[in-house]
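Colleague: I would like to learn how to read this model feature by feature. Shall we start?

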Amino acid sequence: MLFSKDVEEILPVNEAPSNTKRMLRLMPHLLLPSALLITFLTTTAIGADVEYINNGRGAVPVYLPSNYDGSKPLPLIFSLHGYTDNGPGVESYFNLSQQVDSKEFLYCVPQGTTDLSGAPFWNGTDACCDIFNTNVDDSGYLRELIEIIQAEYSVDEFSIHFTGISNGGFMSYRMACEHADLVASIAPLAGVTFLDLADCSPSEPVHVLHIHGTADSTIEYDGGCFFFSCYPGAEESALTWTDYNGCDLVGEDGGPAFNLDWDVGGNETTSTIYEQNCNQNATVELWTMTGSEHVPRFRRNSDGPEQNLFAPLISDWLLNHRKPEPFQCDADLNDDGVIDTDDLLAMLSAWGSNDPAADLDENNIVNIKDLLILLGDFGKVC
Ligand SMILES: [Ca+2]
Ligand SMILES: [Ca+2]
Ligand SMILES: [Ca+2]
């Protein structure tokens, strides 16, 4: 199969009766003036819960930590499948659902539409993979999924991320190009960005982790062409995004090689980091898998899904690459646009009280903890 992998196993999903607590939490959704309702509830063998949303293409699974109660905004990660593959296929390959409980994020695994050959695909870049020119708006569809999840769940707006293999990697790049206002970081595997820089104009920096095997004969590491559509290589993709992010085009060694692919003996993966003088501290990282093919093997046949090498590394990387949060000017107690001695004096005059204006950490007393926050921001302009 082009760009995809054999589905070794489909994640076991057992439908379970809804519990009352969760049903109560879902009740407000039933009142929303939309048809985007969660249709049924399941639990899985992995501990995380699965619920479903629907944006007109059928049920899309959203995995939640089993202790999810909506009280805390959580990061959101999407996985995008390759050409001819599907949602369950990419989940059984990445096994990212295994990380949902321990790292506390929401995890969505959508599916593209089916083309004339019967293959699910994403309309990623001009090179991949809307082969029959349907012009289906997957970019808009996926943005709507983000917005639905934001409406239905508690999402950390600074921590929305995409990963994907092959066609799903191309689509991850497109999401970064067109929805940089929402997407904090992407980790495309064996999929590349637009060849023409002018086809992508991200509105703000996006962190990128590009992962690619040097022996990839499907999407070649150094770039290539399908008929009349050409695509850039791995390094070129990384440098293009280094440029978009306003960084110096200087790569640094990311440390010792490590093992990501069992099909290649030893530690085949090395990292190059581009993070000098970037806008908003954005970073680009290139993981070069020397000798790896298009579909690296992240777990051996005898390994369980919890032993997948990709899932812990990539979820950590994505969750550590958030959007910068705007500076909170809470310590500007007198609202004059600068945090200075006047604010310090105002805090001291409220010392020991529960004055909410000076109780910066909201623990109902103005004390040394609040003073430390103020001093940490001292001199800053709001
Ligand atoms: Ca290896
Ligand atoms: Ca002030
Ligand atoms: Ca306090």
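Colleague: Where does C129 lie?

Modeller: Helices here are DSSP runs of H or I with at least four residues, strands are runs of E with at least two, and both are numbered from the N terminus. C129 sits in the loop between β8 (120-121) and α4 (138-152). Remember that this is a predicted model: local features need pLDDT of at least 70, side-chain atom pairs count only at pLDDT 80 or more, and totals for chains, interfaces and linings use all residues. Residues are numbered from 1 along each chain as its sequence is written, while chains are lettered from A and ligands numbered from 1 in the order in which they are written.

Colleague: What kind of peptide bond joins C128 and C129?

Modeller: Most peptide bonds are trans, and most residues other than glycine have a negative phi. The bond between C128 and C129 is cis, with omega about 5°.

Colleague: And phi? Which value does Q280 take?

Modeller: Phi of Q280 is positive, near 50°, and Q280 is not a glycine. N281 is not a glycine either, and has a positive phi of about 55°. Q280 lies in the loop between β15 (269-274) and β16 (284-289). N281 is found in the loop between β15 and β16 as well.

Colleague: How much of the chain is buried?

Modeller: Buried residues make up 43% of the 382 residues in the protein chain. The chain holds nine helices and 16 strands.

Colleague: Let us take one helix. How many residues of α2 are buried?

Modeller: Six of the eight residues in α2 (87-94) are buried, and the helix is mostly covered. Those six are G87, G89, V90, E91, Y93 and F94.

Colleague: What covers the buried residues of α2?

Modeller: Think in contacts: two residues touch if their C-beta atoms, placed from the backbone, lie within 7 Å. The cover of α2 includes the strands β4 (59-64), β5 (74-80) and β9 (155-165), and the helices α5 (167-178) and α7 (310-320). Look also just after α2, where N95 takes a positive phi of about 55°.

Colleague: β9 is in that list. How many of its residues are buried?

Modeller: Eight of the 11 residues of β9 are buried.

Colleague: Which way do β5 and β9 run, parallel or antiparallel?

Modeller: Strands pair if DSSP finds at least two bridges between them. β5 and β9 run parallel, joined by six bridges. S79 stands opposite T163 in β9. β9 also pairs with β10 (185-189), in the parallel sense, over five bridges. There T163 stands opposite A187 in β10. From β9 the chain crosses through α5 to β10, and this β-α-β crossover is right-handed. Right-handed means that, with the strands pointing away from the viewer, the path from the first strand over the helix to the second runs clockwise.

Colleague: Now helix packing. At what angle do the axes of α8 and α9 cross?

Modeller: Axes are lines fitted to C-alpha atoms, for helices over the stretch in contact, and angles between N-to-C directions run from 0 to 180 degrees. The axes of α8 (341-349) and α9 (368-376) cross at roughly 175° and come within 11 Å. So α8 is roughly antiparallel to α9; under 35 degrees counts as roughly parallel, over 145 as roughly antiparallel, 65 to 115 as roughly perpendicular, and the rest as oblique.

Colleague: Which residues make the contact between α8 and α9?

Modeller: D343, L344 and M347 of α8 meet D370, L371 and L374 of α9. An α-helix has 3.6 residues a turn, so residues three or four places apart point the same way. By class, the contact of α8 with α9 has four nonpolar, no polar and two charged residues. Nonpolar covers Ala, Val, Leu, Ile, Met, Phe, Trp, Tyr, Cys and Pro; charged covers Asp, Glu, Lys and Arg; the others, Gly among them, are polar.

Colleague: What does C382 touch?

Modeller: C382 lies in the segment after α9. Leaving out residues up to four places away in sequence, C382 touches C329, D332, G337 and V338. With 14 other C-beta atoms within 10 Å, C382 is partly exposed.

Conventions:
Buried ≥ 20, exposed ≤ 12 C-beta atoms within 10 Å, placed from the backbone.
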